[in-house]
Amino acid sequence: MTASTQHELTLVREFDAPREKIYKAWTDPDLLKQWFVPRPWSVAEATLDVRPGGASVIVMQDPEGNRYPNRGVYLEIVENEKIVFTDAYTSAWVPAEKPFFTGVILLEDLGNGRTKYTAKALHWRAEDKETHEKMGFHEGWGKAADQLAGLLAKAPS
């Protein structure tokens, strides 16, 4: 087992949609709210400053109405190709109390309007990876990817 696999969780999908539509679903707050968390959870608020060093605040809401703010910062943005974000910082470069992971979204053009979608969660410690796995990473991120596929299917080109 390599150091990266000790700390990394990965979800790979292929979508019948061009990279531009997927990128927009990740970077447009109104679109992100429609798919980002597995239902019956929802996104109550999303503020996204999509640029390296830009802050994001995504407030997840459980079915009972409890809100869970998730603050982070974008580290790398390559339009329609790559989004890297982390909760290690809360805004500007203010360190978070307890960083959990860095997310990497890769969008690879497969031709004919299809895209290979790779979502990675990179954790600082193997224990954090295990916690994320037990929280339901594959099920939750998989369900969100299914919801994203549904949104992409009905969204205009």
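Predicted model: local features only at pLDDT ≥ 70, side-chain atom pairs only at ≥ 80, totals over all residues.
Partly exposed here means a relative accessible area between the buried class, under 20%, and the exposed class, over 50%. Glu-76, at 31% relative accessibility, therefore counts as partly exposed.

Start with Glu-76. Its side chain meets that of Lys-82 in a salt bridge, with 3.2 Å from N to O. Lys-82 has a relative accessible area of 24%, so Lys-82 also falls in the partly exposed class. In total, the model comes out with 10 salt bridges.

Another of these pairs reaches across the sequence. Arg-114 is bridged to Glu-14, and the closest N and O atoms sit 2.7 Å apart. Arg-114 belongs to strand E7 (residues 114-123) while Glu-14 belongs to strand E1 (residues 8-15), so this pair ties together parts of the chain that are 100 residues apart in sequence. As for cover, Arg-114 has a relative accessibility of 26%, which makes this residue partly exposed.

Then there is the pair of Arg-125 and Glu-127, whose side chains meet in a salt bridge at 4.0 Å, N to O. That figure matters for the count, because a salt bridge is called when the nitrogen lies within 4 Å of the carboxyl oxygen. Both partners are partly exposed: Arg-125 has a relative accessible area of 42%, and Glu-127 comes in at 47%.

Glu-79 is placed in the loop between strand E4 (67-78) and strand E5 (82-86). With a relative accessible area of 57%, Glu-79 is exposed, because the cut-off for that class is over 50%.

What share of H2 is buried? Seven of its nine residues are, so the helix is mostly covered. The buried set in H2 takes in Arg-19, Lys-21, Ile-22, Tyr-23, Ala-25, Trp-26 and Thr-27. Among them are Arg-19 and Lys-21, both of which count as positive.

Conventions. Residues numbered from 1 in each chain as written. Heavy atoms only, no water. Helix = DSSP H or I, 4+ residues; strand = E, 2+ residues; numbered from the N terminus. Buried < 20%, exposed > 50% of the residue type's maximum accessible area, 1.4 Å probe, protein only.
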